[in-house]
Amino acid sequence: MDIYLPIAEVSVNAPLLVALGALVGFISGLFGIGGGFLMTPVLVFLGIPPAVAVASMANHVAASSMSSVISYSRRRLVDFRMGGVLAGGGVVGAIVGVELFRWLRLLGQADLVVALSYLIFLGIIGGLMLWESLGAIPRRRRGEPPPARRDRRPPWLYGLPLKMRFPSSRLFISVIPPILLGAFVGVLSAIMGVGGGFILVPAMIYILRMPASVVVGTSLFQIIVTTALTGVLQAGRNQTVDIVLATLLLAGGVLGAQLGARASSRFRAEELRAVLALIVLVVGLRMGLGLFVRPDEPFVLMSGLGG
Amino acid sequence: MIPAVAPPPPAPPVVSAALTETQVQVNSGFRGARIVLYGAVFDPLNRPSDVVVLVRGPEQPVRIARKTRIVGLWVNSRPVVFQGAPGFYIAASTRPLDEIARFGELRRLGAGVDHLAINAPAEQRTETRYGVRDVVVSRLGGDYLDWRRAVVRLKEKAGLYAAEEHGVRFVDRGLFRAEIALPAEAPIGQYQARIVLFQNGQPVSEKVRTLTVAKVGAERGLYLWAHRRPWSYGLAAMAFALGAGWAASRAFRRD
């Protein structure tokens, strides 16, 4: 059953999109991530114009994050103050990111920047995660305890001005690093069509030193605020949000996410992380590979004249 | 008494045609359309006739870039804008066009993908557009033909340009039929079908028919909303998405 997407102006197979949403939702529930980094490349591969895929994903990610943040906040696992500071940076980042993306499209360099961002960020994060989890699995098999977490707090984080107290995270740190982190993730969400959880979560643990328990809920909160703004800006500035596309993905996505979350308790955390790391790495390399291979067709048509 | 008159000179040959549909409705089930065109050639002398059907969609400037290798990476060049390119173009004929008429005649009519009046405006110049400096809008020197061919090739690959050398068939004496395949990606707007009758390499009669491709129903509503009031559309779309997320969490609440 095909359905014509009014903004993307292409005809797609509706059950396929719902199934794709469910699959990505399952993965995102299983690993506690947004899954935008998987979904956006697949949509482009299915023939959806990249600008529409990136922009519509903002709506999809906002909706799926909304569906999971509520249960975290009910269990008091969201640091709203930290989330608010991150989101403050995210708002600036989203505005900059949408304008940057518009400008890159006019220059004809949007594809390049998207591919490079995937290659660099997914490559680095996937590589680090794989390294870390491959180290952890044999250690656990040998029955060794995990290495003691070095809790040395980086001095540069504590030397900065504008300190603020974050009771839920038991932190008293400058607001500058979270604002910068939020802004950076906001830019990425506009350019890559992702929520940015794959960067936020490790950064909150390893750089901000937040307790692991509140990290996922807080990153979801920041992602909702940032992607909600990105989605509205993409629609307002670029007219590229396809609500039919976002709704189809969402229909499968929520179901998949719930099933994934239930399935996640059956697997060990390190093994899950190793699999996720592989997925992240493969997607990053796949997106970046095209930059190094001589293209069959040296010319490309650019969609849209006015951006 | 009836005055004697000279027998009238034979009527000039005339072509006539009609589209079976003049309105293509793009709704949620749209997967492209096939438009059938029927026509007839009226020629008392029965001279050998060829029919060419040229269907042009609304004009859409084309932005195209060429990938070049820069420090090991394949990177897009600055995009070049071609003006005058139709968003959809099909040239269907009874025989290959170059057998029907000469180059000059085809060029004058703009018949065939090779004769489309696509050009990057005459002189080399760069402009500032939308605040971006140095957008090339130009004739590209020696490479110009490569670029122009690339526009046609990429549009053909997308199913938006086509040359159907036997797309027009005579089904009976003087009666012909052509089928036009519109892909789902075909642009929205006014289409023009020119039906040209050729005899002895010359166009002798021509008819023009129009076809409208329009979004209808919810598709049209959403499209117009998103383009005319983009901010309210964006806000509503996001409110809907957040509401859907919230509803989903309620539906799956486990406690």
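Helices (H or I, at least four residues) and strands (E, at least two) are DSSP runs, numbered from the N terminus, and the expected span of a helix is 1.5 Å times one less than its number of residues. This is a predicted model, in which local features need pLDDT of at least 70 and side-chain atom pairs count only at pLDDT 80 or more, while totals for chains, interfaces and linings use all residues. Residues are numbered from 1 along each chain as its sequence is written, and chains are lettered from A and ligands numbered from 1 in the order in which they are written.

View 1. Chain A contains 11 helices and 5 strands, and its C-alpha trace spans about 55 × 45 × 40 Å along the principal axes. The radius of gyration is taken over C-alpha atoms, and the globule rule is 2.2 Å times the number of residues to the power 0.38; for 307 residues a compact globule would therefore have a value near 19 Å, and the 19 Å of chain A agrees with this. Helix H4 (residues 80-107) of chain A has 28 residues, which at 1.5 Å a residue should span 40 Å, and the 39 Å between its end C-alpha atoms agrees. Just after H4(A), A:Gly108 takes a positive phi of about 80°.

View 2. S12(B) is joined by 4 bridges to the antiparallel strand S13 (residues 175-182) of chain B, and B:Asp172 stands opposite B:Leu175 in S13(B). The hairpin of these two strands has 2 residues between them, and here B:Gly174 takes a positive phi near 80°.

**View 3. The six-stranded sheet of chain B.** In chain B, 6 strands form an open sheet of mixed pairing in the order S2-S15-S14-S4-S8-S11. Strand S2 (23-26) and strand S11 (161-164) of chain B are at the edges, each with a single partner strand, so one side of each lacks a neighbour in the sheet. The twist from one strand to the next averages 15°. Strand S8 (residues 89-93) of chain B pairs with S11(B) in the parallel sense over 4 bridges, and the bridge partner of B:Tyr89 in S11(B) is B:Tyr161.

**View 4. The contact between chains A and B.** Here 48 residues of chain B are in contact with 45 residues of chain A, contact meaning that the C-beta atoms of two residues, placed from the backbone, lie within 7 Å. The largest share of the side of chain B that touches chain A, 15 residues, comes from H5(B). Strand S5 (residues 299-302) of chain A and S5(B) run antiparallel and are joined by 4 bridges, with A:Val300 opposite B:Ala65 in S5(B).

Notes. Two strands pair if DSSP finds at least two bridges between them. Axes are lines fitted to C-alpha atoms, for helices over the stretch in contact, and angles run from 0 to 180 degrees between N-to-C directions.
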